Protein chains: 2
Amino acid sequence: MAEPVFERLCLVGIGLIGSSIARVARKRADLARTVVATARRPETLARVRELGIVDVVEDDPCKAVEGCDAVILCVPVGAYAGVMAQIAPHLAPGCVLSDVGSTKGSVVRDLSPLLPPGVHLVPAHPMAGTEHSGPDAGFAELFDGRYCIVTPLPGSDAAAVEKVREFWRRCGSMIETLDPATHDRVVAIVSHLPHLIAFTICGTADDLAEETKEAVMKFAASGFRDFTRIAASDVDMWRDVFLNNREALLEMLARFSEDAHALGRAVRYGQAEFIEDRIRRGRKIRRELIERKQA
Amino acid sequence: MAEPVFERLCLVGIGLIGSSIARVARKRADLARTVVATARRPETLARVRELGIVDVVEDDPCKAVEGCDAVILCVPVGAYAGVMAQIAPHLAPGCVLSDVGSTKGSVVRDLSPLLPPGVHLVPAHPMAGTEHSGPDAGFAELFDGRYCIVTPLPGSDAAAVEKVREFWRRCGSMIETLDPATHDRVVAIVSHLPHLIAFTICGTADDLAEETKEAVMKFAASGFRDFTRIAASDVDMWRDVFLNNREALLEMLARFSEDAHALGRAVRYGQAEFIEDRIRRGRKIRRELIERKQA
């Protein structure tokens, strides 16, 4: 049996992702010897106590992180700066500070300035999730076979980076390493823009005249249904993701928008070949995903 | 055992939908006593002979429809006018002419002018499909529990309309009736626009710089994957759908585009409340679908 990666791990925030980490740690003893959880809302902490998925529940984040050799932020990325201002003075020297946020440039921006000397910042992004949220939504298998992107900074402590990698490997993830800027562009197109589109098309449908809307709901089983699944995601999390990956998201929205209008124009003017070419590219991408066993 | 709805049914085109109808007719004897299939490509007809899923395979569409009391067009909607010009003189008086196309205004436009007296046009749209195509892709359960929208015209023969309804009921579908224009607007938002978006975002990803594209493929498992599933659909079919539902599709693209840019603008200017409102509307639509057991 391997030694635990961390002796005392603090999860700051314990929703879908945090509570899934806690459940992995319950299942296998080599992740963290002791797991501490803290959260802003007393109801969440009460529920975590009931669920019995961590060793220590602590309502004061400053006390929660004290003496920990690892702290993982599992709150919406918009809350990072505020949380860091609270906990920074209480982080132990040598502590590994990581997170699970879907944006990484903003994490570096918000956490680096307050980082105490000797504390190692190693941001990470487990690419896993469901449309559900809260401590009841988590499960130990959430990260199985999913990518976790680790985005170390130039000069990051190599041992700390390897600990974070090993931590996620033991959670079942496949580890990849990217710089924060590339990470943010990639997730903007594969995840953030699809979510923006899904939220939007639901709103567009909602705005249709009452008679049509009724029919829309009735017949939504085709293409639309897939879009609404991802549109059911957590409000606070996605608001923060959009606001904290603004540049990359707006760039991808602009590119997409140009392309959508080019296709719309081809439809207007009956340019069959242009339309066929676009459809073929969609099929090509799909085939690539199938070959990579990602579809 | 009920009498068959039709004595002699001709399927003009026998891809995913046509071959699924043929398979239902093989499975239950009360759909059509004899099924005739015709198609443009000799390879398709050869394959249908091998599969043994119809009673008669006929390469001349004019001969195929002769003596039939029902003809269902199962070719891409862009081919309807050409097919109709060929078969119209050979349609028997009293014959029910129907189809399975995803656009209905264009069907009325293309078929009505050539309709011989005594032939009953009853357009229909089974809302079922997969991303696969061709006679091997069909299966008898394709229509089970899915909606079939029947769009009779003012003055349509009531007995003919009821036959088409009963035909689809026996295929397992839930029957709904809409006028062609409402049908076209509804499918534009629930199906055609989502497909246009899916084709587009795949192309946008494909255009990204090589380095990012590689990462895009690797991490496409999140939101993007759902989009690529529908982007894998048949080229000819979707080109024709877009071109033949132009007005409704461009209207929905314009509405969606305004909404997407409004959300993009809120991201740019950090308008958290506006963003939250849009996300909540997505969740609301999702909940409505779940309540209707459509999700």
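This is a predicted model: local features need pLDDT of at least 70, side-chain atom pairs count only at pLDDT 80 or more; totals for chains, interfaces and linings use all residues.
Local features need pLDDT of at least 70 and side-chain atom pairs count only at pLDDT 80 or more, whereas totals for chains, interfaces and linings use all residues. Residues are numbered from 1 along each chain as its sequence is written, chains are lettered from A in the order in which they are written, and side-chain values use heavy atoms, with hydrogens and water left out.

Chain B holds an open sheet of six strands (DSSP E runs of at least two residues), with parallel pairing in the order β3-β2-β1-β4-β5-β6. Its edge strands, β3 (56-57) and β6 (120-121), each pair on one side only. Strands β1 (residues 6-12) and β2 (residues 32-38) of chain B are joined by six bridges (pairing requires at least two DSSP bridges); L11(B) has A37(B) as its bridge partner in β2(B).

R23(B), in helix α1 (residues 16-27) of chain B, is buried (under 20% relative accessible area, 1.4 Å probe, protein chains only). A polar atom of the R23(B) side chain lies 3.2 Å from the backbone oxygen of G138(B).

Between chain B and chain A, nine salt bridges are found across the interface. One salt bridge links K284(B) to D206(A), with the closest N and O atoms 3.0 Å apart. On the side of chain B that touches chain A, α7(B) gives the most, with 19 residues.

Conventions
Helices (H or I, at least four residues) and strands (E, at least two) are DSSP runs, numbered from the N terminus. A polar contact is a pair of N or O atoms within 3.5 Å; within protein, one must be able to donate a hydrogen and the other to accept it, and residues adjacent in sequence count only if both atoms are side-chain atoms. A salt bridge is a side-chain nitrogen of Lys or Arg within 4 Å of a carboxyl oxygen of Asp or Glu.
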